[in-house]
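This report is written for a reader who is meeting the structure for the first time. Please keep the sequence and the model in view while reading.

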Amino acid sequence: MIAYQIVSLNVGKPQVYSIEGKELETGFIKKPVDHANYLTFTGFEHDGQADRKNHGGPEKALLMYAKEHYSFWQKKYDQTFDYPAFGENITIAGLTEEALYIGDVFTLGEAEIQVSQPRRPCYKIARVHGIPDMPAIVTETGFSGYYFRVLKEGWVKPSDTLVKTKEAPDKVTPKDIFYCLYHDRINKDKMEEYSQINALAPNVKESLIKRIKKIG
């Protein structure tokens, strides 16, 4: 079994920030912690989201982002991005969007988690960093991060590792789903295939089914 190292464990409750003279309420801005946090079915106890319609909930309980993407962003914008610049709960080493499958099950400390969906680009990443085209570049690259649902609650420490215990049978990655949603937008066959994946989050299935009906 391959163990993936946590680079940074990050949490943050929603707060109102003044950014470029305008107020923004968000839980996107998180901070690394050096102590254990309890992971519940809806996320870390000391974490939260301001926009509960588009973020949070059981299907988006935990957001993970690959450390490897940071070098791209730093080169792209010629600036330093500190963890967790992308609002992630876990900055992970060696596990990008194409390196795991929807439905894969992992242990994370005492908890057990399952890959549920890719993260969709959010305007708040542009607001927080003051870089207007950032969501467009996330869409272009697919460097979006991915969500987990929690199958078993438990304590998670920054020193813990992420270990895959069960591989999904469908072999469809978060990057595959992301590409279908944002680039291959008329591929009805792929949409029908992906909408049948049991472990794919219901909200993503609904998006695919709506698009299939629209295509006709």
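## Salt bridges

The structure holds seven salt bridges, a salt bridge being a side-chain nitrogen of Lys or Arg within 4 Å of a carboxyl oxygen of Asp or Glu. This is a predicted model, in which local features need pLDDT of at least 70 and side-chain atom pairs count only at pLDDT 80 or more, while totals for chains, interfaces and linings use all residues. Residues are numbered from 1 along each chain as its sequence is written, and side-chain values use heavy atoms, with hydrogens and water left out.

One of the salt bridges joins the side chains of Glu-59 and Arg-149, at 2.5 Å from N to O. Glu-59 sits in the loop between strand 6 and strand 7 and Arg-149 in strand 11 (residues 146–152), so that the pair links distant parts of the chain, 90 residues apart; helices (H or I, at least four residues) and strands (E, at least two) are DSSP runs, numbered from the N terminus. Glu-59, at 23% relative accessibility, counts as partly exposed, whereas Arg-149, at 11%, counts as buried; buried means under 20% relative accessible area, exposed over 50%, and partly exposed in between, with a 1.4 Å probe and protein chains only.

A network of salt bridges links Asp-104, Lys-164, Glu-167 and Lys-171. Within it, Lys-171 forms a salt bridge with Glu-167, and the closest N and O atoms of the two are 3.5 Å apart. Lys-171 is partly exposed, with a relative accessible area of 40%, and Glu-167 likewise counts as partly exposed at 40% relative accessibility.

## The surroundings of Lys-30

Lys-30 and Asp-47 meet through their side chains in a salt bridge of 2.7 Å, N to O. Because Asp-47 lies in the loop between strand 6 (43–44) and strand 7 (62–66), and Lys-30 in the loop between strand 3 (22–26) and strand 4 (31–32), the pair ties together parts that are 17 residues apart in sequence. Both Asp-47 and Lys-30 are buried, the relative accessibility of Lys-30 being 10%.

The side chain of Lys-30 also reaches the backbone oxygen of Gly-27 at 2.7 Å. When residues up to four places away in sequence are not counted, Lys-30 touches Asn-10, Val-11, Gly-12, Asp-47, Gly-48, Pro-84, Gly-87, Glu-88 and Asn-89, where contact means heavy atoms within 4.5 Å.

## Ile-90 in strand 8

Ile-90 lies in strand 8 (residues 90–92) and is buried, with a relative accessible area of 0%. Leaving aside neighbours within four places in sequence, the residues in contact with Ile-90 include Ile-6, Leu-9, Phe-44, Met-64, Tyr-65 and Leu-108. Ile-90 and Cys-180 are 90 residues apart along the chain, and their C-alpha atoms are separated by 25 Å.

## Helix 4 against helix 6

Two packed helices are described by the angle between their axes and the distance between the axes. Helix 4 (residues 174–182) and helix 6 (residues 202–215) pack at an angle of about 35°, with their axes 11 Å apart; axes are lines fitted to C-alpha atoms, for helices over the stretch in contact, and angles run from 0 to 180 degrees between N-to-C directions.

The contact is made by Ile-177, Cys-180 and Leu-181 of helix 4 together with Val-204, Ser-207, Leu-208 and Arg-211 of helix 6.

Notes:
Polar contact = N/O pair within 3.5 Å; in protein donor to acceptor, adjacent residues only side chain to side chain.
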